[in-house]
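This briefing covers one protein chain, shown below with its sequence. The points are grouped by topic.

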Amino acid sequence: MVVGAGVIGLTTALELAQHGLKVLVTDRQAAGQEASWAGAGMLPPGNAPHSSKPEARLRSFSHSLWPSLTARLQELTGRDNGFRVSGSLLFSDNTSTTAELAQQWAEDGVEVCLIEEQQLRDTWPAIHHRHTAAVWLPQQGQVRNPWHLQALRAACEVLNVEFIENTAPLLLEPRGERVESVQLGTDRFFPGQLCITAGAWTSKILKQVGVCPPIRPIRGQMVQLRMAAPLFGCMLEVGRRYLVPRTDGLVLVGSTEEHTGFEKGNTAAGVSELIDFACGLVPELRRQELVRCWSGLRPGSGDDLPLLGQIPGYQNLYVAAGHFRAGLQMSPGTAVILSAILRNSAPPISLTGLSADRFTKTTAAGAHQ
């Protein structure tokens, strides 16, 4: 059983089903909502042989899987998930110079190019003139979140994954070193293996069995604009802010990072901050259409890296959550890793710095009842 039907849960279910396992996915609402739907779909590049740090290992592993996952979804469903390699321009902020940004990516073994002022003006004339240099990442890709989630759901259905959505509150019932059953309203299930992929809600679920990972919701507000004519065709990034253009003229502007608990919604301050950022980077955007705005709750962790694998103290309880801003981009690698672990195989990359046991501590009140 997979609890949580966001991009991590759906991709994990797909992997397990393709290995012949019977999979049930449950969610408190419709599949593919929350942070999975709300993000911009940015897919940073990576280079596995040069990736030693935990984030780089999972990022580069996932980067290598996106083309094959896209092809698989197309073959199973005929749906386009919007995956394409469009490249990204990175501009310096108050924390890093352009040269430092280029060096960081080069040390990761990623193809990178330093763009000087004249080339910037000639190639991207819409960029504000105060920016005199940038870093070009030609291998950066993007995917359209709603399309990708719809394709994942459809592919899971083709492989006979079962779904229970819009459920009553979930109750885990532990016995000894196992979660014996899962109660959903009046229905009771006895999963052989249970994987929690519930994003920002993961800690709430695991507290029922005495496990308290430091996964917390972090609100991110987003704004969507529409360009009457193309102003730029690649992603633009300044620190953790970005503009992501779609092929149909839409532009995603993101995003805020707010500690508001489980409160979603847009604020005047958040939306105006994002619009000011967008128009400050590309002035012509001031004359473009404001389409809509929304927000999502990212699952942050104690070190902004996910928790992957078996929960300490339980033989059949697993977790994949806490990806913060990188859930969608790291979903292919996360799913392959989790699928391997659940099938008693060795994970394809080292989980040092990513394992579930680095934070989670089982309390006597919850486990071994």
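This is a predicted model: local features need pLDDT of at least 70, side-chain atom pairs count only at pLDDT 80 or more; totals for chains, interfaces and linings use all residues.

In strand 17, Val251 is the residue bridged to Leu225.

- Strand 14 and strand 17 (residues 250–254) run antiparallel and are joined by five bridges.
- Strand 14 also pairs with strand 18 (residues 289–300), again in the antiparallel sense, over 11 bridges.
- Leu225 has a bridge partner in strand 18 as well, namely Leu290; its partner in strand 17 is Val251.
- As background, strands of a sheet pair through backbone hydrogen bonds, in either a parallel or an antiparallel arrangement.

- Three strands form an open sheet in the order 3-8-4, and the pairing is antiparallel.
- Strand 3 (42–43) and strand 4 (84–85) are the edge strands, each pairing on one side only.
- Between strand 4 and strand 8 (residues 141–142) there are two bridges, in the antiparallel sense.
- Opposite Arg84 stands Gln142, a residue of strand 8.

- Strand 19 (residues 307–310) pairs with strand 20 (residues 317–321) over four bridges, in the antiparallel sense.
- Leu308 has Ala320 of strand 20 as its bridge partner.
- Six residues lie between the two strands of this hairpin, and Gly313 takes a positive phi near 95° there.

**Leu114**

- Strand 6 (residues 113–115) contains Leu114.
- Leaving aside residues up to four places away in sequence, Leu114 touches Thr98, Ala102, Ala134 and Val135.
- Leu114 and Pro312 are 198 residues apart along the chain, and 46 Å separates their C-alpha atoms.

**The second largest pocket**

- The second largest pocket holds about 240 Å³ of space.
- Its lining consists of 15 residues, and those nearest the centre of the pocket are Met1, Lys22, Val23, Leu24 and Gln193.
- By class, the lining of this pocket has 12 nonpolar residues, one polar residue and two charged residues.
- Empty space of this kind is found by rolling a probe the size of a water molecule over the atoms.

**The chain as a whole**

- The chain has 20 strands and nine helices.
- A compact globule of 369 residues would have a radius of gyration near 21 Å; the value for the chain is 21 Å, so the two agree.
- Taken along the principal axes, the box filled by the C-alpha atoms is roughly 65 × 40 × 40 Å.
- Of the 369 residues in the chain, 56% are buried.
- Considering contacts between residues at least 6 apart in sequence, 73% join residues at least 24 apart.

How values were computed: Residues are numbered from 1 along each chain as its sequence is written. Side-chain values use heavy atoms; hydrogens and water are left out. On a 1 Å grid over the protein atoms alone, a cavity is a set of points where a 1.4 Å probe fits but cannot get out, and a pocket is an open set with protein on both sides within 12 Å along at least five of seven lines; lining residues have an atom within 4 Å of a point. Grid points are joined across faces, edges and corners, and a volume is the space filled by probe spheres set on the points. Ala, Val, Leu, Ile, Met, Phe, Trp, Tyr, Cys and Pro count as nonpolar, Asp, Glu, Lys and Arg as charged, and the others, Gly among them, as polar. Two strands pair if DSSP finds at least two bridges between them. The radius of gyration is taken over C-alpha atoms; the globule rule is 2.2 Å times the number of residues to the power 0.38. Buried means under 20% relative accessible area, exposed over 50%, partly exposed in between (1.4 Å probe, protein chains only). Contact means heavy atoms within 4.5 Å.
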